[in-house]
Amino acid sequence: MPPTIPGFTYHRVPVADGVSLNAAVSGSGSPVVLLHGFPQTHLMWRHVAADLAADHTVICPDLRGYGASDKPAETDGSGDGYAKRTMADDIVNLAHALGHERFALAGHDRGALVAFRAGLDHPDTVTHLACLDVLPTLDMWDVMHGVTAAVGFHLYLMAQPPGLPEELIAAAPDAFFGHFLDLWTNDPQAIPADVRTAYLDACRAAVPSIVADYRASAGVDLAHDRADRDAGNHLRMPVTVLQQDWGAALGFDAAALWRDWAPDLRHSTVTCGHFMAEEAPADVAKALRDLLAR
């Protein structure tokens with residue numbers, strides 16, 4: 001059995017036709033939903049979740065296609081099955097099923113893109129929003145130029161039509177997913193052996209759905225972001241963004257890009273690695289508490 005978050009109760013909650021999410025829940029008080037990134041599961045929030053559960057109801061799901069949640073096949077070629085809009089609807093339906101009509105939402109990496117879309121699509125439901133170490137999809141593709149974009153090679157690989165990406169990754173899944181756990185971590189001790197094993201086991205069992213999630217971000221997700229930008233839509237709630245200083249390496253102003261989407265923004269750069277909820281959990285928990293107080 002994979003590790004769990006101590007003190008949390010696990011639920012399997014139907015959120016869409018034929019799709020249920022695995023979710024860890026604990027605490028009482030105003031609800032906060034925490035969404036994991038790649039190549040991880042809800043376990044990445046274990047330290048922050050325990051901290052926040054002292055005075056909040058904390059919900060940590062595995063996203064559709066990840067961990068112990070369902071992994072529906074993408075069959076019609078539209079990308080809608082793993083569109084961030086679809087995944088955001090999952091999260092809203094999850095919270096509603098657990099009795100919460102409105103909630104704060106924080107996401108890391110892929111989970112932050114789901115959280116971003118939820119904030120745009122459900123502004124009356126998401127009260128506060130935190131996004132950790134991403135840019136919105138439309139901006140992410142815009143800043144990837146030249147050889148510096150090699151750091152995001154996986155984005156281009158998984159954007160390819162179905163078949164080749166899945167075959168290549170499935171041939172050496174531990175090497176592929178482990179590469180990112182190693183490359184993006186400043187403090188390897190932050191991801192202990194049992195948690196690393198759980199991440200690799202989960203990813204190994206989810207190659208098609210993980211690729212579908214990324215492929216959507218080179219297609220349908222872009223269309224949704226462009227439509228919101230063209231319509232002048234913004235995130236209406238208080239927003240906190242924590243990220244590494246990518247702009248120094250890739251030549252862009254991350255805070256300015258985020259401010260175009262989020263008028264009520266607090267943007268901070270961090271010195272830890274990408275997996276900040278595991279490498280600097282006290283800092284992340286404080287940032288989320290500060291956000292919830294706004």
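Aspartate 109 sits in the loop that links strand E5 (103-108) to helix H3 (110-121). In this predicted model, aspartate 109 has a positive phi, near 60 degrees, although it is not a glycine. Its relative accessibility is 8%, which is under the 20% cut-off, so aspartate 109 counts as buried. Here is a friendly tour of that spot and the rest of the chain.

**Backbone features in loops**
- Aspartate 133 is a non-glycine residue with a positive phi, near 60 degrees.
- The loop that holds aspartate 133 runs between strand E6 (126-132) and helix H4 (137-143).
- Aspartate 133 counts as buried because its relative accessibility is 0%.
- Phenylalanine 38 and proline 39 are joined by a cis peptide bond, with omega near -5 degrees.
- Look for proline 39 in the loop between strand E3 (31-35) and helix H1 (46-52).
- As background for these cases, most residues other than glycine have a negative phi, and most peptide bonds are trans.

**Strand E2 and its partners**
- Strand E2 covers residues 19-26, and eight of its eight residues are buried.
- Val19, Leu21, Ala23 and Val25 point one way from E2, while Ser20, Asn22, Ala24 and Ser26 point the other way.
- Strand E1 (residues 9-16) runs antiparallel to E2, and seven bridges join the two.
- Across that pairing, proline 14 stands opposite serine 20 of E2.
- E1 and E2 make a hairpin with two residues between them.
- Glycine 18, in the turn of this hairpin, has a positive phi of about 80 degrees.
- E2 also pairs with strand E4 (residues 57-61), again in the antiparallel sense, through four bridges.
- Within E4, proline 61 is the bridge partner of alanine 23.

**The chain as a whole**
- The protein chain contains 14 helices and eight strands.
- A compact globule of 294 residues would have a radius of gyration near 19 Å, so the chain's 17 Å agrees with that picture.
- Along the principal axes, the C-alpha atoms fill a box of roughly 45 × 45 × 40 Å.
- Of the 294 residues in the chain, 58% are buried.
- Among contacts with a separation of 6 or more, 76% are between residues 24 or more positions apart.

**Surface and charge**
- The accessible surface comes to about 11,700 Å², and carbon and sulfur atoms account for 55% of that area.
- The chain carries 20 positive and 37 negative side chains.
- The centres of these two charge sets lie 3 Å apart.

Terms used:
Residues numbered from 1 in each chain as written. Predicted model: local features only at pLDDT ≥ 70, side-chain atom pairs only at ≥ 80, totals over all residues. Heavy atoms only, no water. Rg over C-alpha atoms; globule rule 2.2 N^0.38 Å. Buried < 20%, exposed > 50% of the residue type's maximum accessible area, 1.4 Å probe, protein only. Contact = heavy atoms within 4.5 Å. Areas by Shrake-Rupley, 256 points an atom, 1.4 Å probe, with all protein chains shown as cover. Lys, Arg positive; Asp, Glu negative; His and termini not counted. Charge placed at Lys NZ, Arg CZ, Asp CG, Glu CD. Pairing = 2+ DSSP bridges.
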